[in-house]
Amino acid sequence: MACASARSWASTLLADDRAQRQTWRKLSPHGQALLVLAHLRNGDTYERLAEGFGVSVGTVYNYVREAVDLLATRGRSRLAAVWTFAWTQSNFLILDGTVVRTNRVRAHNKLYYSGKHKYHGINLQGLTDPYGRMIWISEGLPGSVHDLTAARMHDILHVIDRSELHLFADKGYVGGEGDHLLVPYKKPPGGDLSDQLKEINRAHAATRARGERGFAILKNWHIFDRFRGCPRRVGKFALAAFILTEEEI
C-alpha cells in the first residue's frame, strides 16, 4: 500500500508536468512512474526495464532522468528543513554520513575512492530528527571527502549553530566548529577515558544510533546497492528516493 501511494503521487506529478509543458510520452504517467520506481526500488537495469515495458533502452534512460530531476525539485533546502524543524519540533538533530558505492571512474580514480570504506563512491550527508526520520539529504560529493569536510562544504554546522539546535554526530565530525555540535569524547594519547566520560559516550551513541535509521531506510532503494550511472547523479537520485520515501510514510 505504501509503495502504491508513492506510485500514485509520482504519477500525478508526472501528469501535471506533462500538461504544463504540453508534451507526450509513449508510456502513460502511471507507466512511467512504475518504471522509475522499479529502477529505484528494485535496481532493475535499463535493459530489463526496456524489455518489460516495451520501449528502447534510450527511452528508459530518458524516462528515469526526467522523473528523477522532477522529483528532486520537490526537496527542501537545508536551511528550510532546519528552520522548519527548529520552530516546530524537538531541540536537537542527528547528523550522519554515508558513501554510496559506485563503479570506478578511471579519469577520477583517486577522487572518488573512499579510504575509510575501501571502495569508490559518493559522500552523502543527512540530517534526521530524534526519531530517525530524515528531514534533509545533501548533494553528493566525491567519496574521498571526509565527513567533517563535507559538513563544512554544505554549511551544515553553521546553519545548526544559528538555529540553536544541538547536533549529535559521530567521531568523524570531531574538530568541527560551533557550540552546538555534540561529538563523542576521544581517548587521550596513551590513556583512557574516565568512567564518567565513558558513560557520556554511551548515552551519546544511543541517541546518535537513531539517526542511522534515516540512511538505512534510504538504502532500501536497491539502486544504491551499487550505483552504476554517472557518480555526479547520485545526489539527485538520493533526493528523489528521499522524496518518494516521505510519500510512502
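1. A contact, as the term is used in this note, means heavy atoms within 4.5 Å. On that basis, Asn201 touches Pro184, Tyr185 and Leu193, residues up to four places away in sequence not being counted. The structure discussed here is a predicted model.

2. Asn201 lies in helix 8, which spans residues 195-209. The relative accessibility of Asn201 is 16%, and the residue is therefore classed as buried, since that term applies under 20% relative accessible area.

3. Glu47 belongs to helix 3, made up of residues 46-53. Its relative accessible area is 51%, so Glu47 is classed as exposed; the cut-off for that class is over 50%. Between Glu47 and Val60 there are 8.4 Å in space, C-alpha to C-alpha, and the two are 13 residues apart in sequence.

4. Strand 1, formed by residues 92-101, is mostly covered. Of its ten residues, nine are buried.

5. Strand 1 is joined to strand 3 (residues 119-128) by eight bridges, and the two strands run antiparallel. Within this pairing, Asp96 has Gly126 of strand 3 as its bridge partner.

6. Strand 1 is also joined to strand 6 (residues 166-168), here by three bridges and in a parallel arrangement. Leu93 stands opposite Leu167 of strand 6.

Notes: Residues numbered from 1 in each chain as written. Predicted model: local features only at pLDDT ≥ 70, side-chain atom pairs only at ≥ 80, totals over all residues. Heavy atoms only, no water. Helix = DSSP H or I, 4+ residues; strand = E, 2+ residues; numbered from the N terminus. Buried < 20%, exposed > 50% of the residue type's maximum accessible area, 1.4 Å probe, protein only. Pairing = 2+ DSSP bridges.
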